[in-house]
Amino acid sequence: QQEKEDLQGKLKLREHLSQTAGKSEATPAPSKNIDLEMKQLQCKLKNSNSEITKQLTTIKSLKKQVLEKEERIQELQAKISRLERDINMKRHLIEDLRSRLKTSQENEKTSNETLESLERKVKALAEDCSNKKTSIDSLKQRLNVATEEKSQYEQMYHKAKEELEKKNLKLTSLESKMIETECAMTELETTASQQLCGLAKQSGHVLESVQKKLLLTNDKVEEFMTFVK
């Protein structure tokens, strides 16, 4: 633009000089060199105008690119702001996760200790259960033996009960027979007494025979009592 202004000033000066020379009679006509220089200056002016047009087009393009770049920069700045917010959130999240991880590790340590304690208790309970199972098996064997002995004793009890019932029946029968024998003996004694009273006056032979019968009866009674005993 400065070059353009300089060229325009030079052209105006040349035109003024040419006009001044045309009006003055004492001044000679413009020379060929002045025309040539004016043409050169016009060419330079055209070239400068075309160059200015190109430069303006380039400036507009650059302005457009600058606007696009500014928009892109704004987008990138907004994106950077979002990324910074995301990074801050992720930092907070990481710190939270670290604290949670630390807490989880502590809880895991406590859980492992509790688990080891529970495993020891389970092992002790398993050994205790094994011992109790052995004791239960031994008790089952003893119970089976006791059950067999019980069944044997029950059989013996039933047999003894049956024998006792039979002996009770025999004893009852013997008691009834003993009662009958005592009644008979009482009757014999009564009869003997009556006979003795009635036959007191009879001869000694009859008395002796009665005494012999009585002795025989007494012997039989004694034998029967002995048999009953």
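Residue numbers start from 1 along each chain as its sequence is written, and side-chain values use heavy atoms, with hydrogens and water left out. The model is predicted: local features need pLDDT of at least 70, side-chain atom pairs count only at pLDDT 80 or more, and totals for chains, interfaces and linings use all residues.

View 1. The structure holds 3 salt bridges. A salt bridge here is a side-chain nitrogen of Lys or Arg within 4 Å of a carboxyl oxygen of Asp or Glu. Side chains of opposite charge can pair when their charged atoms come close. Helices (H or I, at least four residues) are DSSP runs, as are strands (E, at least two), numbered from the N terminus. R72 is partly exposed, at 48% relative accessible area. E75 is partly exposed too, at 48%. The cut-offs are under 20% relative accessible area for buried, over 50% for exposed, and in between for partly exposed (1.4 Å probe, protein chains only).

**View 2. The R100 and D96 salt bridge.** The side chains of R100 and D96 meet at 3.5 Å, N to O. Both belong to helix α2. They are 4 residues apart, so the separation is about one helical turn. R100 is exposed, with a relative accessible area of 51%. D96 is partly exposed, at 31%.

**View 3. The K132 and D128 salt bridge.** Here a lysine, K132, pairs with D128. The N to O distance is 3.8 Å. K132 and D128 are 4 residues apart in helix α2, which means about one helical turn lies between them. K132 has a relative accessible area of 49% and is partly exposed. D128 is partly exposed as well, with 34% relative accessibility.

**View 4. S48, a buried serine in helix α2.** S48 is found in helix α2. Its relative accessible area is 11%, so S48 counts as buried. Contact means heavy atoms within 4.5 Å. With neighbours within four places in sequence left aside, S48 is in contact with E3 and L7.
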